[in-house]
Amino acid sequence: MKAFELLDELKVGGTVRHETCDTFKAGNPETELKRVAVCMTATVDVIKKAKEWGADALIVHEPTYYDHMDVKGSDRVTALKEKLICESGIAIFRYHDYMHARDVDQITEGELHFLGLTGEVEPTPHFGSYILRGTETFSAVELAERMEKMLGIRHIRIAGSRDKKTNKIALCFGSPAGVYEILTDESVGIVITGEACEWKLAEYARDADLLGFTKSLIVMGHIPSERDGMKLLAQRLQEKHEDIAFAYIESEEVYTYTDET
Ligand SMILES: [Fe+2]
Ligand SMILES: [Fe+2]
């Protein structure tokens, strides 16, 4: 199987109406695949690890060059990263829009799978955002603790209600549009997202809680909020293509903290 054939296969089952970013960012689409790495972001570390592992191709969810469509800047960091990628010979292609647009959003599916959350998932009018009517009720603290434990996330942040329980939870993994509109829906108790504007989303949740509503915003960090979808993708691709080796390579959280060594 060639790299472009795998990307074409991944696009089946979804419809993207806008110009897609799911294209090749580096390397030759005709590359014959024997080893394929999967990650959230092709960081410098991930590219080196993929090369060490012998990857022919790397599937990424996020941009490689700090721009949604990977339009390259003219700075030295971008130039050196491009050189590293060219020298690696690895074909890089993005799997983002179609990953979210398939019949079941695979990022959301992966996060729920590894969190062990069950219930009814309904789409919202906003791309990439869903409502979970869970079979369990949670407070924001309980849900955040579960995320820390089951997904290995550090420093999850909570704005608004800490201890009020709900089973109506908005799933806005990554950084999708429409989170404010979803947050203002009175029936939604907890909104989970990857990253958030504090003066808007976090302050809304804080005021809503102080005015007596059940309203929590849980901010997981962008990579921790989506990487389990990519992990699940790597597993599923491995089950489907026995003649190709797949490996998930961890991009790690982008921030470091003073309590680390
Ligand atoms: Fe995403
Ligand atoms: Fe994202």
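Modeller: I start with Tyr180, which has a relative accessible area of 30% and is therefore partly exposed. The model is a predicted one. Over the ring of Tyr180 sits the charged end of Lys200, at 4.4 Å from the ring centre.

A pair of aromatic rings is described by the distance of the centres and the angle of the planes. Two aromatic pairs are counted here. In one of them, Phe24 and Phe93 have ring centres 5.2 Å apart and planes at 50°, so this pair is tilted; an angle over 60 degrees would be needed for edge-to-face, and one under 30 for stacked. Phe24 belongs to strand E1 (residues 24-26) and Phe93 to strand E4 (residues 91-94), and the pair links these distant parts of the chain across 69 residues. Phe24 has 22% relative accessibility and counts as partly exposed, while Phe93, at 0%, counts as buried. The other pair is Tyr180 with Tyr204: their ring centres are 5.6 Å apart and their planes stand at 80°, so the pair is edge-to-face. Here too distant parts of the chain are linked, with Tyr180 in helix H7 (residues 179-183) and Tyr204 in helix H8 (residues 198-210), 24 residues apart. Tyr204 is partly exposed, at a relative accessible area of 27%.

The buried residues of H8 include Leu201, Ala202, Ala205, Ala208 and Asp209. An α-helix has 3.6 residues a turn, so residues three or four places apart point the same way. Among the elements that cover the buried residues of H8 are H7, strand E7 (157-160) and strand E10 (216-219). After H8 comes Gly212, with a positive phi near 105°.

The iron ion (ligand 1) is coordinated by His61 (NE2), His100 (NE2) and Glu226 (OE), at 1.9 to 2.1 Å. Along the chain these donors follow the spacing H-x38-H-x125-E. Glu226 bridges the iron ion (ligand 1) and the iron ion (ligand 2), and the two ions lie 3.3 Å apart. Because His61 is in the loop between strand E3 (57-60) and helix H3 (76-88), and Glu226 is in helix H9 (residues 222-240), the pair ties together parts 165 residues apart in sequence.

For the iron ion (ligand 2), the coordinating atoms come from Glu62 (OE), His222 (NE2) and Glu226 (OE), at 2.0 to 2.1 Å. The donor residues of this ion are spaced E-x159-H-x3-E in sequence. Glu62 lies in the loop between E3 and H3 and His222 in helix H9, so this pair ties together parts that are 160 residues apart in sequence. Glu62 counts as buried at 11% relative accessibility. His222 has a relative accessible area of 21% and is partly exposed, the cut-off for buried being under 20%.

Helix H2 (residues 44-53) packs against H3 at an angle of about 10°, with the axes 10 Å apart, so H2 and H3 are roughly parallel to each other. On the H2 side the residues that meet H3 are Val44, Ile47, Lys48 and Lys51, and on the H3 side they are Lys81, Leu84, Ile85, Glu87 and Ser88. Trp53 has Arg35 over the face of its ring, at 4.6 Å from the ring centre.

Arg154 lies in the loop between helix H6 (140-151) and E7. Arg154 is partly exposed, with a relative accessible area of 34%. Leaving aside residues up to four places away in sequence, Arg154 touches Glu253, Tyr257 and Glu260. The C-alpha atom of Arg154 is 8.4 Å from that of Met220, which is 66 residues away along the chain.

Definitions and conventions
Residues are numbered from 1 along each chain as its sequence is written. Chains are lettered from A and ligands numbered from 1 in the order in which they are written. This is a predicted model: local features need pLDDT of at least 70, side-chain atom pairs count only at pLDDT 80 or more; totals for chains, interfaces and linings use all residues. Side-chain values use heavy atoms; hydrogens and water are left out. Rings of Phe, Tyr and Trp (its six-membered ring) pair if their centres lie within 6.5 Å; planes under 30 degrees apart count as stacked, over 60 as edge-to-face and the rest as tilted. Helices (H or I, at least four residues) and strands (E, at least two) are DSSP runs, numbered from the N terminus. Buried means under 20% relative accessible area, exposed over 50%, partly exposed in between (1.4 Å probe, protein chains only). A charge sits over a ring if NZ of Lys or CZ of Arg is within 6 Å of the ring centre and within 35 degrees of the ring normal. Donors are N, O and S atoms within 2.8 Å of the metal (3.2 Å for Na, K and Ca); water is not among the atoms, so sites may look incomplete. Axes are lines fitted to C-alpha atoms, for helices over the stretch in contact, and angles run from 0 to 180 degrees between N-to-C directions. Angles under 35 degrees count as roughly parallel, over 145 as roughly antiparallel, 65 to 115 as roughly perpendicular and the rest as oblique. Contact means heavy atoms within 4.5 Å.
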